[in-house]
Amino acid sequence: MSRQIIVGNWKMNGTSRDSLALVQALVAGVPASAADVVVCPPFTQLALLTDTLKSSTIALGAQDCHKDSAGAHTGDISAPMLTDLGVSYVVLGHSERRQEHGELDETVREKTVAAIKAGLTPIVCIGETEDQRESGDHFDILGWQIKGSLPDGFAGILAYEPIWAIGTGRAATTEEIAETMTFLREELVRQFGEAGKNIKILYGGSVNDKNAASILSITDVAGALVGGASLKAEAFLSIISAASAA
């Protein structure tokens with residue numbers, strides 16, 4: 001198995017004091033042979049954490065970026081601004097952005113292009129609702145999301161997060177994940193040719209220290225996008241330990 005990547009998405013959580021304490025605990029606890037690790041705090045904590053992470057093996061990620069490099073976009077953050085702070089990764093198209101901010105596949109695609117241009121590694125999220133899965137339309141939905149959200153020559157990471165499993169405590173079964181991963185790999189190859197074989201696919205959606213090992217052992221799961229559990233040092237370190245650093 002290739003080296004896996006564990007990404008912690010802190011979402012809208014973390015004061016300066018709590019964020020610094022969490023990162024210090026992670027830096028002290030991550031084993032030297034760990035898989036690749038990324039933490040994605042809120043924008044307000046990025047500058048604070050840069051120095052602490054600079055000398056560690058943990059990379060810094062952000063939770064979003066704008067499609068433009070600069071301009072009259074009050075409240076937004078551009079990709080070059082992120083790289084200026086030492087950010088290496090950026091999560092794009094998370095279902096919470098799609099649902100709460102009306103982001104379309106086209107929006108995500110434009111942001112992905114901007115991220116790559118700025119030198120960031122985009123982690124592009126896709127996922128189906130519970131109704132879409134129960135109706136049997138989920139593979140069609142995922143295929144269209146890939147087509148609409150990933151630009152030609154995509155050089156980044158895909159994250160599959162079934163919307164019905166995010167923050168609910170209900171992770172997809174290993175059988176559901178395995179079946180979906182097989183489809184996603186075939187779809188990536190269909191849309192991107194040989195390059196599609198090498199695009200890493202993460203699983204996200206109620207990943208925790210109890211189910212991480214079984215999820216990370218599934219074929220084509222190249223790592224995990226972790227939400228709530230990434231805010232607890234002990235739980236996140238346990239998930240990291242379950243990943244493969246081969």
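**Notebook: loops, helix pairs and pockets**

I began with D220, which lies in the loop between helix 9 (212-216) and strand 8 (223-226). Helices (H or I, at least four residues) and strands (E, at least two) are DSSP runs, numbered from the N terminus. D220 is not a glycine, yet its phi is positive, about 75°.

The model is predicted, so I note the limits: local features need pLDDT of at least 70 and side-chain atom pairs count only at pLDDT 80 or more, while totals for chains, interfaces and linings use all residues. Residues are numbered from 1 along each chain as its sequence is written, and side-chain values use heavy atoms, with hydrogens and water left out.

I then looked up K11. K11 is in the loop between strand 1 (5-9) and helix 1. Its phi is near 55°, again positive in a residue other than glycine. For context, most residues other than glycine have a negative phi.

**Entry: the largest pocket**

Where does K11 turn up again? K11 is among the residues closest to the centre of the largest pocket, along with M12, Q63, R97 and H101. A pocket is an open set of points on a 1 Å grid over the protein atoms alone, where a 1.4 Å probe fits, with protein on both sides within 12 Å along at least five of seven lines; lining residues have an atom within 4 Å of a point.

I noted about 500 Å³ of space in the largest pocket (the volume filled by probe spheres set on the points, which are joined across faces, edges and corners). The lining has 20 residues. Helix 4 gives the most, four residues. By type I have seven nonpolar, seven polar and six charged residues in the lining. Nonpolar means Ala, Val, Leu, Ile, Met, Phe, Trp, Tyr, Cys and Pro; charged means Asp, Glu, Lys and Arg; the others, Gly among them, are polar.

**Entry: the second largest pocket**

The second largest pocket holds about 260 Å³ of space. I found 19 lining residues, with S206, V207, G227, G228 and A229 closest to the centre. This lining divides into six nonpolar, nine polar and four charged residues.

**Entry: helix 1 on helix 2**

I looked up the axes of helix 1 (residues 16-29) and helix 2 (residues 43-54): they come within 10 Å and cross at roughly 25°. Axes are lines fitted to C-alpha atoms, for helices over the stretch in contact, and angles run from 0 to 180 degrees between N-to-C directions. That angle makes helix 1 roughly parallel to helix 2 (under 35 degrees; over 145 is roughly antiparallel, 65 to 115 roughly perpendicular, the rest oblique).

S16, S19, L20, V23, Q24 and V27 of helix 1 meet Q45, L48, L49, T52 and L53 of helix 2, where contact means heavy atoms within 4.5 Å. I sorted the residues of this contact into six nonpolar, five polar and no charged.

**Entry: helix 5 on helix 7**

Helix 5 (residues 105-117) and helix 7 (residues 138-149) pack at about 45°, with axes 7 Å apart. That makes helix 5 oblique to helix 7. D105, E106, V108, R109 and T112 of helix 5 make the contact with W144, Q145, K147, G148 and S149 of helix 7. The residues of this contact are two nonpolar, four polar and four charged.

Which residues does G148 touch? Not counting residues up to four places away in sequence, G148 touches D105, E106 and R109. The C-alpha atoms of G148 and E106 are 5.9 Å apart, although 42 residues separate these two along the chain.
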